[in-house]
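Take a look at the structure below. Then follow its aromatic rings and its nonpolar cores, step by step.

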Amino acid sequence: MSEKGGCLCGQYSYAFPREAVVSSHHCHCTDCQKMTGSGKATIIMVPTETLASTGELKTYTVTGTDGGRVTRGFCPTCGSQVLSYLEGMDALKFIKAGTLENSDWVTIASSFWSSTARAWDPVRADAQAFERNPSSV
């Protein structure tokens, strides 16, 4: 089954086969909090080679809390953040779950950065939690 999504204005869209999904997670790091304007980002890890897209994204790269370089892709028209990826892990893209047309199938495997989760948006008790980034995803 192919999953589809994109930005708010429709200028950028993507598709990937659901069976290609590696896993899905909540990230409570302070970078993701600032980026989303909420308590976490919900990400779907998809192999880059399985991701088809139309339109262009503007990218912005920062050094994350743990020292890794994170690149985020935004729609240059509406500003929606659609995906991100880590330097050195180019074979994997992190799709933002809120950009999916249908996200009812998404199952959260774990939470990252439980050490910086906000009291008003706590880590789920029914999923594994890592205080920081896990050593392997």
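A charge sits over a ring if NZ of Lys or CZ of Arg is within 6 Å of the ring centre and within 35 degrees of the ring normal. Keep that in mind for Tyr-85. Lys-93 lies over the face of this ring, at 4.4 Å from the ring centre. Note that the model is predicted.

Now turn to rings that pair with rings. A pair of aromatic rings is described by the distance of the centres and the angle of the planes. How many aromatic pairs does the structure hold? There are 2. One joins Tyr-14 and Phe-16: the ring centres are 6.1 Å apart and the planes meet at 15°, so this pair is stacked. Planes under 30 degrees apart count as stacked. Phe-16 also pairs with Trp-105. Here the centres are 6.5 Å apart and the planes stand at 65°, so the pair is edge-to-face. For that label, the angle must be over 60 degrees.

Where do these two partners sit in the chain? Phe-16 belongs to strand E2 (residues 13-17), while Trp-105 is in the loop between strand E9 (92-96) and strand E10 (110-112), so the pair ties together parts that are 89 residues apart in sequence. Together, Tyr-14, Phe-16 and Trp-105 form one aromatic cluster.

Tyr-14 has 3% relative accessibility, so Tyr-14 counts as buried. Phe-16 has 1%, so Phe-16 is buried too. Trp-105 has 16%, and therefore also counts as buried.

The largest nonpolar core has 16 residues. Tyr-14, Phe-16, Ile-44, Ile-95 and Leu-100 have the most contacts inside this core. Strands E2, E4 (41-47) and E8 each supply at least two of its residues. Leu-100 shows how such contacts link up. Leaving out residues up to four places away in sequence, Leu-100 touches Tyr-14, Phe-16, Ile-44 and Trp-105, among others. Its partners also include Glu-3, Lys-4 and Gly-5.

Another core lies apart from the largest one. This other core has 10 residues, including Ala-41, Ile-43, Phe-94 and Trp-113.

Finish with strand E8 (residues 81-86), where Gln-81 is found. Gln-81 has a relative accessible area of 10%, so Gln-81 is buried. What does Gln-81 touch, not counting residues up to four places away in sequence? The answer is Met-35, Arg-72, Gly-73, Phe-74, Lys-96 and Thr-99.

Notes
Residues are numbered from 1 along each chain as its sequence is written. This is a predicted model: local features need pLDDT of at least 70, side-chain atom pairs count only at pLDDT 80 or more; totals for chains, interfaces and linings use all residues. Side-chain values use heavy atoms; hydrogens and water are left out. Rings of Phe, Tyr and Trp (its six-membered ring) pair if their centres lie within 6.5 Å; planes under 30 degrees apart count as stacked, over 60 as edge-to-face and the rest as tilted. Buried means under 20% relative accessible area, exposed over 50%, partly exposed in between (1.4 Å probe, protein chains only). Helices (H or I, at least four residues) and strands (E, at least two) are DSSP runs, numbered from the N terminus. Contact means heavy atoms within 4.5 Å. A nonpolar core is a set of buried Ala, Val, Leu, Ile, Met, Phe, Trp, Tyr and Cys residues joined through side-chain atoms within 4.5 Å.
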